[in-house]
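Here is a friendly note to go with your first look at this structure. Please keep the view open beside you as you read through the numbered points.

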Amino acid sequence: MGNRLFSIAGICCLLLSAAFVLPADSLAARKKRIVFGGGPAGGTFQVVANAIQTYKPVKDMKEFTVKAQSSAGSVENLRKTNSGKHDFSVVYSGHVYLGRNGKMKNDTEKYDKVMGVAFLYGAPGQLVVRKGSGIKSAKDLVGKRVAVGNAGSGAFANCEMFFTHLGIWDKIERNAMGYNDAAAAFGNNQLDAFWLFTAFPSGAVIMAAQTNDIELINLEKDAIESGYFEKYPYFSKLTVPAGTYRGVDHDTPSFQDAALWVANADVPDDVVYKLLSAIYTDEGLAHMVGQKKTFKAMSIENGITGIVTPLHPGAAKFWKEKGVLK
């Protein structure tokens, strides 16, 4: 009987001890998980999400933890951020604009819960072909095998929009695949060309240039001649500099959209503000550039460049304090 009482008392002590231990453990468990939507392997979107997730001051924040999550890209991120499956993500400014106004292709839903946080970098169209292929314009792709980006990605959506505008979308042999897979297929002679909509230098194009002599197509010329800039005014002109890729020793004119950091409207203002305050410091921006040189475009001065839709209130507070937003 004494042993039984001792056992019961022991169990009670253990349960009581656990009761005092659990709150500390559960505190860590209750740390809010913030999902940051990135993109496919080989693309810059995923580098953004990973870079923010791994930055030490972000990792050390007590209130929440950031988890980078891969995705198909811009269009999927738009939809998942609007639904709240992603708290943050990277989306092209054009898709935020079209989505907010119910003008996405074959999709009249209004994605009005996606709000701007910051400008990240300009993402240009890049069309890679083999040197000596005779392909001098996107219009020369008729009948050719072309990788057009992952289905659901910004690359795919922008390729479809541009090629449809040129009247060639239904006249090419389309292959929906990510950048690295496209570069490998191109290297194996399974493709005549592949399209990217991402910052340069792209690892996938560097890969392709190691196994083939490549050429980039002048997309600005096609855009100007077809009236593309008039129809889609959020695109701007830019040039891929000579020497960006092996064997391409001349400047290649193209066009770009702005890649934006966006947030779901329901993300607390202080979460947005704290993340911006961590990343947009000298140390934070140096960390980003250390992950990819593309992020040299990130700065206080360029903070809201390319954002033509409403800012998240937490972001508006931050950019007003920095004197960027009047």
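1. Let us begin with His86: it has 0% relative accessibility, so it counts as buried (buried means under 20% relative accessible area, exposed over 50%, partly exposed in between, with a 1.4 Å probe and protein chains only). You will find His86 in the loop between helix H4 (74-83) and E3. Helices (H or I, at least four residues) and strands (E, at least two) are DSSP runs, numbered from the N terminus. Leaving aside neighbours within four places in sequence, His86 is in contact with Val35, Gly37, Gln69, Ser71, Asn77, Lys80, Thr81 and Asn264, where contact means heavy atoms within 4.5 Å.

2. A word on the source: this is a predicted model, in which local features need pLDDT of at least 70 and side-chain atom pairs count only at pLDDT 80 or more, while totals for chains, interfaces and linings use all residues. Residues are numbered from 1 along each chain as its sequence is written, and side-chain values use heavy atoms, with hydrogens and water left out.

3. Next, please look at helix H5 (residues 93-100). Six of its eight residues are buried, so H5 is largely enclosed by the rest of the structure. Those buried residues are Ser93, Gly94, His95, Val96, Leu98 and Gly99. Which elements cover them? The cover includes H4, E3, strand E4 (114-130), H6 and strand E10 (252-264). After H5 comes Gly102, with a positive phi near 65°.

4. Now for the aromatic rings. A pair of aromatic rings is described by the distance of the centres and the angle of the planes. Rings of Phe, Tyr and Trp (its six-membered ring) pair if their centres lie within 6.5 Å; planes under 30 degrees apart count as stacked, over 60 as edge-to-face and the rest as tilted. This rule gives 29 aromatic pairs. One of them is the stacked pair of Phe36 and Phe88, with 5.8 Å centre to centre and 25° between the planes. Phe36 belongs to strand E1 (residues 32-37) and Phe88 to strand E3 (residues 88-92), so this pair ties together parts that are 52 residues apart in sequence. Phe36 counts as buried at 0% relative accessibility, and Phe88 counts as buried at 0% too.

5. Phe163 and Trp195 make an edge-to-face pair, 5.5 Å centre to centre with 70° between the planes. Because Phe163 lies in helix H6 (residues 154-166) and Trp195 in strand E7 (residues 193-197), the pair ties together parts that are 32 residues apart in sequence. Phe163 is buried, at 0% relative accessibility, and Trp195 is buried, at 1%.

6. Two charged side chains also deserve a look. Arg130 lies over the face of Phe186, 4.1 Å from the ring centre. The charged end of Lys317 sits over the ring of Tyr273, at 4.4 Å from its centre. A charge sits over a ring if NZ of Lys or CZ of Arg is within 6 Å of the ring centre and within 35 degrees of the ring normal.

7. Finally, please step back to the whole chain. The chain has 13 helices and ten strands, and its C-alpha atoms fill a box of roughly 95 × 50 × 40 Å, taken along the principal axes. Of its 326 residues, 51% are buried. Among contacts between residues at least 6 apart in sequence, 74% join residues at least 24 apart.
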